[in-house]
Amino acid sequence: MPQILVEALAKTYRVAERAPGLVGAVRGLLRRRWREVHALVDVSFSLEAGELLAFIGPNGAGKSTTVKILSGILRPSSGRVEVGGLVPYEDRVRHVARIGVVFGQRSQLWWDLPVLDGFDLLADIYRVAPARYRRRRDELVAMLRLAPLLDQPVRQLSLGQRMRAEFAAALLHDPSILFLDEPTIGLDAPSKLAVREFVRRLNREQGVTVLLTTHDMHDVEALAERVIVIGQGRLLTDGPFESLRAGVLAERRLYIDFAGPAPELEMRGVTVRSRTECSLELAFDPAQIPTPKLIAAIATKHAVEDVHVDEPAIEEVITRFYDLHDLHEARETRAARKA
Amino acid sequence: MQWARPYIAAFRARFQLMLQYRVAALAGFATQCWWGAIRIMVFAAFYGAHAAAAPISLADAVTYVWLGQALLALLPWVADPEIGQAVRTGGVGYDRLRPLDAYGYWYARSLGWMLARALPRAALMMVGAGIVLPLVGLGAWAWRPPSGVAAALLFVPAFALMTALGAAVLMLANIIVAANLNERGVNAVLTPLVIVFSGSLLPLDFFPDGLRPFLHLQPFAGLVDIPFRIYFADLRAGAALEGLALQAGWTLVLVGFGRLAMERMMRRLEMQGG
């Protein structure tokens, strides 16, 4: 039995619609027209305890809606959801006691309270036994380097400091599942690294199941063994990132520096992406031409100084994937199509 | 007490936070002194002309005014601003993530908000109108202690019930705010309703005879009129107990109704903004 089970999940919102301008506003007063927005359509997946899954997709794709349904905040229009044997929105109180949630764009700590007071309050709210709370709190404070921040009111923290405190706040009651909705949004590079490192340790060392949504492909690269891409409310792919890459953009890049001027190259299955006077960037499909063969073919004919092979950046793979599925700013295009 | 621990913590946190606002307490105190003085002058003018027609004595009317001004912040005449804020910013999502009874959690917080605003002002008012006025020779216009031991003892549960009932009314307002994402409409309706029907504006016995049976039975009477008349022993013994029963009954009804409304509202809640 998987820890998280989602079957044929759908969520439809009803949105009041009116024509723009004054005439539209007046008409809207008399007769309101409703439009249905399908935030999620037939989404199914499952997750075993201890897994780490990343949800990616353009804005408005339905990632956050999925997290909100799984965490018990929203109820779906149809479909089946079970988390640890409970239906989140039916058995909300028992369910939420076992999960931790961090929304990157909101705060669960009390703005005017010092961080430590907020932690104490959460321990009361989750009824964590005092000794257990102190142990857990000290552990999290050490892992997230929070000691110097504990007596500061939350409003005085920088975003990076606050997110570290938010992570601790979400974990004081020792949940077995952690939902993260864009946890690295707006953070600077060191804070992002700290968050990723922390999430990885939590998942590997403490076996916490993690489901995160993100737009930052480095989060995916650093953390997730498994990626679900969601677009226009539908689940488009589910698997290791490498198989997504293989299906979408299998090509490799070969960067060559020549001793003399860069030559003209005419080879089957190889395209020149860019050139300078003495260097070339080639794209090729390793299934058509194995990498050693390509390098050998060039090096025997030309004086080569340096080579290195790379894969397209993860952003490029995802952008290509979105292009293939016509997925940019999903909701707007759907609305436009309906109108 | 493990069961009550989260609710007590939520109450205490809000209470402590609100107590920090000393300037607001002083400003509220000043405003309420001013209004209290004006209302007492209006009563004095009325009693000067029609003392025989009045249902209570002038001294009781003066105490009624001071008590009302002291406890004004206990009246649920505006929805809890924190709730409006939480629904607009989406912070309400985190409220849904707490393993607590959703109604109880908000109730505890709103109760903390009400009491933290009311108690410092009441203390200041007690010193000002109850101690300073008699000392400066204005004893006739002072806030008097309860009329007898029985009245004092009965006022304790009456005060607790007016607070509980006030929070139950406040919760209904909070729920409407949460459903509409805006508090203006609710407050515009709630303020005059509470001020008039609680007896805060005028003791309910001053209203026309035909209206009085209704006025004495409706829920808002338990916020001001009933507890205050218990305080100066206008409601005694059996009548006082009836008053307490009315307060308790309406509190239970409104809490029950609020719980149902909250359940419905939360089912169709949508989290704003991403």
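The structure is a predicted model, in which local features need pLDDT of at least 70 and side-chain atom pairs count only at pLDDT 80 or more, while totals for chains, interfaces and linings use all residues. Residues are numbered from 1 along each chain as its sequence is written, and chains are lettered from A and ligands numbered from 1 in the order in which they are written.

**Confidence**

The average pLDDT of chain A is 89, and 96% of the residues score at least 70; pLDDT is the predictor's confidence in each residue, from 0 to 100. Over residues 330–339 of chain A the value falls below 50, and beyond near neighbours in sequence this stretch has nine contacts in the model. Two residues are in contact if their C-beta atoms, placed from the backbone, lie within 7 Å. Where pLDDT is low, the predicted coordinates should not be read in detail.

Helices (H or I, at least four residues) and strands (E, at least two) are DSSP runs, numbered from the N terminus. Two strands pair if DSSP finds at least two bridges between them. In chain A, four strands form an open antiparallel sheet in the order β11-β12-β10-β13. Because β11 (270–275) and β13 (304–310) of chain A each have a single partner strand, one side of each is left without a neighbour in the sheet. Direction ignored, neighbouring strands of this sheet are turned by 25° against each other on average; axes are lines fitted to C-alpha atoms, for helices over the stretch in contact, and angles run from 0 to 180 degrees between N-to-C directions.

Another open antiparallel sheet of chain A has three strands in the order β2-β1-β4. Its edge strands are β2 (33–47) and β4 (78–83) of chain A, each pairing on one side only. The twist averages 30° from one strand to the next.

| Strand pair | Bridges | Facing residues |
|---|---|---|
| β11(A) and β12(A) | five | Ser274(A) and Glu281(A) |
| β10(A) and β13(A) | six | Asp257(A) and Asp306(A) |
| β1(A) and β4(A) | five | Val6(A) and Val81(A) |

Helix α10 (residues 291–301) of chain A lies across β10 (252–258), β11, β12 and β13 of chain A, and runs at about 160° to β13(A).

**Nonpolar cores**

A nonpolar core is a set of buried Ala, Val, Leu, Ile, Met, Phe, Trp, Tyr and Cys residues joined through C-beta atoms within 7 Å. The largest one has 160 residues, and those with the most contacts inside it include Ala54(A), Phe179(A), Met114(B) and Ile230(B). Helix α7 (residues 149–180) of chain B supplies the largest share of this core, 17 residues. Apart from neighbours within four places in sequence, Ala54(A) is in contact with several residues, among them Leu212(A), Val220(A) and Val227(A). A second, separate core of seven residues includes Leu280(A), Phe284(A), Leu294(A) and Ile298(A).

Chain B has eleven helices and zero strands. Its radius of gyration is 20 Å, close to the 19 Å that the globule rule gives for 274 residues, so chain B is as compact as a globular protein of that length. This radius is taken over C-alpha atoms, and the globule rule is 2.2 Å times the number of residues to the power 0.38. Along the principal axes, the C-alpha atoms of chain B fill a box of roughly 65 × 40 × 40 Å. Buried residues make up 43% of the 274 residues in chain B.

The contact between the chains takes 23 residues from chain A and 20 residues from chain B. On the side of chain A that touches chain B, the elements giving two or more residues are α2 (63–70), α3 (92–96), β5 (99–103) and α4 of chain A. Helix α4(A) gives the most, with three residues.

**Two residues with positive phi**

Arg127(A), in the loop between α4 (115–125) and α5 (130–143) of chain A, has a phi near 55°, a positive value in a residue other than glycine. Gln232(A), in the loop between β8 (226–231) and β9 (234–239) of chain A, has a positive phi of about 50° although it is not a glycine.

How values were computed: A residue is buried if 20 or more other C-beta atoms lie within 10 Å of its own, exposed if 12 or fewer, and partly exposed in between; C-beta atoms are placed from the backbone.
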